[in-house]
Amino acid sequence: MSKKPNITINKVYTRRGDSGKTELIDQKKVLKSDIRIDCYGEIDELNSSLGFCISLIDAESRFDGAKIVSKLKAIQNNLFNLGTVLAISDTSLLDKFPKVNESDVRALESEIDFYNKDLSDLKSFILPSGCLIGAYLHICRTTCRRAERRCVALSEIADIDINALKYLNRLSDLFFVLSRWINKKLGYSEDLWKP
């Protein structure tokens with residue numbers, strides 16, 4: 001079982017990254033353009049986008065989004081865990097840090113099944129649209145897919161936990177289903193691709 005990292009942040013800027021390099025959790029110095037930095041930067045961007053969705057749901061008065069918000073905040077914590085694991089190049093240290101695991105992947109699948117059961121089958125692709133929450137969940141979905149692609153690229157040159165890739169894959173599916181569910185809940189019709 002991994003233990004909680006000991007974190008103290010008492011100063012926002014350190015000047016250590018001014019040369020274009022940064023330090024991984026295992027103290028290896030790399031360029032900020034390193035694919036590993038790109039990976040956890042994508043996860044950070046996704047987490048910020050998800051935070052915006054949470055704010056939108058909190059502000060929506062037409063339905064009680066407390067349950068969804070609670071689940072999305074748990075996902076935000078998992079994204080921090082995932083970013084932490086991606087910031088470690090020495091795989092012998094991974095067990096000392098929190099990470100996503102197979103049960104987190106299964107929890108996403110359970111959420112997908114729960115929200116998808118009330119949705120109609122699709123006969124075409126959906127054009128991202130609908131209410132502001134639904135449209136922004138599509139942005140989360142595509143940001144998640146980009147993060148997944150970068151992590152797959154990293155997995156071609158370094159060992160990363162397969163659960164990280166599984167988690168991102170399922171998470172983008174959850175964002176897709178949640179977008180459809182919220183649009184339906186708020187009375188927005190789906191715009192389908194018409195080739």
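**Entry 1: basis.** I worked from a predicted model, in which local features need pLDDT of at least 70, side-chain atom pairs count only at pLDDT 80 or more, and totals for chains, interfaces and linings use all residues. Residues are numbered from 1 along each chain as its sequence is written, and side-chain values use heavy atoms, with hydrogens and water left out.

**Entry 2: helix H4.** I looked up H4, which runs over residues 132–155; helices here are DSSP runs (H or I, at least four residues), numbered from the N terminus. H4 has 24 residues and reaches 34 Å from its first C-alpha to its last, close to the 34 Å expected at 1.5 Å a residue. The expected span is 1.5 Å times one less than the number of residues. I then listed its buried residues, among them Leu137, Cys140, Arg141, Cys144, Glu148 and Cys151. Buried means under 20% relative accessible area, with a 1.4 Å probe and protein chains only. The buried residues of H4 pack against H1 (35–59), H2 (66–86) and H5; contact means heavy atoms within 4.5 Å.

**Entry 3: cysteines.** I searched for disulfides (a pair of cysteine sulfur atoms within 2.5 Å) and found zero. Cys144 is in no disulfide, the nearest cysteine sulfur being that of Cys140, 8.6 Å away. Cys144 is buried at a relative accessible area of 0%. For Cys151, the closest cysteine sulfur is in Cys39 at 3.9 Å, too far for a bond. Cys151 is also buried, at 0%.

**Entry 4: H1 against H2.** I checked the axes of H1 and H2, which come within 9 Å and cross at roughly 170°. Axes are lines fitted to C-alpha atoms, for helices over the stretch in contact, with angles from 0 to 180 degrees between N-to-C directions. The two helices are therefore roughly antiparallel, a term for angles over 145 degrees. The residues of this contact divide into 16 nonpolar, four polar and three charged. Ala, Val, Leu, Ile, Met, Phe, Trp, Tyr, Cys and Pro count as nonpolar, Asp, Glu, Lys and Arg as charged, and the others, Gly among them, as polar. Cys39 of H1 is one of the residues in the contact.

Entry 5: I looked up Arg180, which lies in H5 (residues 162–185) and counts as buried at 5% relative accessibility. Leaving out residues up to four places away in sequence, Arg180 touches Asn116, Leu119, Ser120, Leu122, Ile126 and Glu190. Ser172 also lies in H5 and is buried at 1%. With the same exclusion, Ser172 touches Arg141, Cys144 and Arg145.

Conventions: Buried means under 20% relative accessible area, exposed over 50%, partly exposed in between (1.4 Å probe, protein chains only). Angles under 35 degrees count as roughly parallel, over 145 as roughly antiparallel, 65 to 115 as roughly perpendicular and the rest as oblique.
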